[in-house]
Amino acid sequence: MAASNSLTRLPRRILFWTHLISGVTAGIIILIMSVSGVLLTYERQMISSADLRAASTLPSNPGPRRSIAELVGAARAALPDARPTGVQFSADSTLPVQVSFGREGTVFVDGATAMVVGRGNDATRGVFSRITAWHRWLGVSDEGRDTARAITGVANLAFLVLVLTGLVLWFPRRFTRRQFRLVGWFRGGLRGKSRDFNWHNVLGIWSFVPLVVIVASGVVISYRWAGDLVYRVAGEAPPAATPRPPAPGGERGAGGGDRAPAAPPSLDHLDQLYTRAAARVDGWRTIAVSLPTAADAPVSFSIDRGTGGQPQHRATLTLDAATGEDVSWAPFDSLSPGRRARSFMRFAHTGEWFGLVGQTIAGLVTLATVVLVWTGLALAWRRLIKRDRTGEVREALAKAA
C-alpha cells in the first residue's frame, strides 16, 4: 500500500520540483519583466496624453483642413534634416495631425492652420523607452541585446512551465468546496510562511487563464520557432524571415560615389486619395497614410476603428497613385488564419486586443505575478536554505507535493 501511494504521488512530486527549480532559476528575471510590464500597462494612453499636453492649444472651432502637402511641409520645416514617412489623421478634428519622421520623432500640426503645435513629450517617451529596454533586454545596450534577449526568452519559457505546473500544484488534490476555500481565497491572520503560501496559491489560481495567454504570447514574441509554430498550427507555412536592414550610410552610385537622395515626390494627389480612404470605412478613428517615395508608387492607408492596439479593427487600403483605383483592400478578416493568430498573440500579450478592459486585466495579472514571484522565492528560500523550525510550511508543501 505504501509503494502504491508513493507511485501515485510521483507525478505530482516531479511537477513540484520542476516548478520549484524553474522558479528559483528564472525568478529574478521574471520579476524584472513583471515589474516593467506593470509600468508599461497604459503606455499607449500615457504617451498620447503627454504628447497632447505638450502641444499648443488648438482652436476650439477648427476650419477646413489644409492639404496634406501643406501639413507635411510645415512639419518638414520643424525637422529639416529628417524625412517624413507618414501622416496620421484623427476623426476628432480638434486633435492635431501627426507627421512621423521615423526614429527622429513626430511633429504635431494644427490641421486648420498648418501651424506646428508641438514635437511630442520626449521626456515621457524616453521614460517608456527605458522601461521597455528593461522589459525586453534587461536594460542592456545594443551590444549586449542579443544575449539579453536570449536570457529573457529562456525566462519566458521557464515562466510558462511555472504556470502550467502551477495549475496542478495550486489546486487541492481533493476538489471540495472546503478545500478550495482554504487555498483559493485570502485568509486573514496569517503571517510569514503561511501568508506567503496562501497568497501564492490564491493569486496563482485566479490569474491562471490570463497568465497563460500573456506568458505563451511572450514566448511567441521571444522565439522565431514559436511564431512559426502559430502558423503551422493554423495550417499554413510560416512566412520567410525578414532580412535585417542594411547598415546606415549613403547609397552608392554605379561609379562608387555617394548618390544624392532623390527629391521627394509631390504630395498634391494625396488629398483625393485620402477622401476615398475615409469614405471606405464608417466609424473610423484614425487614418494613417504612408508617404510615397516615388511619384508613381501606390499609396497605402491604414484605417483603424479601434484603440490603436486592436488589429481586428484595422484595415489596409492601397490605391493607385494615378487613377485612385484599388490596388488592394485588406481588412483583418481577409488575412490568413496564421496571420490573424499571430496578430492576436502580439496584442493579447499586452491585453490591448480586448481594449482598455483587457489592458487593465493584463496589468493586474502582471502585478499579481510580482507577488507570485516574491512569495515563491520566499517559500523556496525557506524550503531549500533556511531551516523551518515550526514545520508549518514544510507540512503544507509536502501535502501539495
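Trainee: How many salt bridges does the count come to?

Mentor: Ten salt bridges, where the rule asks for a side-chain nitrogen of Lys or Arg within 4 Å of a carboxyl oxygen of Asp or Glu. Bear in mind that this is a predicted model, with local features needing pLDDT of at least 70 and side-chain atom pairs counting only at pLDDT 80 or more, while totals for chains, interfaces and linings use all residues. Residues are numbered from 1 along each chain as its sequence is written, and side-chain values use heavy atoms, with hydrogens and water left out.

Let's start with Asp196 and Arg382, whose side chains meet in a salt bridge at 2.9 Å, N to O. Asp196 sits in helix α7 and Arg382 in helix α12 (residues 355–384), so this pair ties together parts that are 186 residues apart in sequence. Helices here are DSSP runs of H or I with at least four residues, strands are runs of E with at least two, and both are numbered from the N terminus. Asp196 and Arg382 are both buried, where buried means under 20% relative accessible area, exposed means over 50%, and partly exposed is in between (1.4 Å probe, protein chains only).

Now zoom out to α7 itself. Helix α7 covers residues 192–206, which makes 15 residues, and its first and last C-alpha are 22 Å apart, close to the 21 Å expected at 1.5 Å a residue; the expected span is 1.5 Å times one less than the number of residues. Eleven of the 15 residues in α7 are buried, so the helix is mostly covered. Among those buried residues are Lys193, Asp196, Phe197, His200 and Leu203.

An α-helix has 3.6 residues a turn, so residues three or four places apart point the same way.

Asp326 counts as partly exposed at 37% relative accessibility, and Arg280 counts as partly exposed at 31%.

For context, the chain has 13 helices and eight strands, and 40% of its 401 residues count as buried. Among contacts (heavy atoms within 4.5 Å) between residues at least 6 apart in sequence, 61% join residues at least 24 apart. The chain exposes about 22,800 Å², with carbon and sulfur atoms supplying 59% of it; accessible areas come from the Shrake-Rupley method with a 1.4 Å probe, and for residues only the protein chains shown count as cover.
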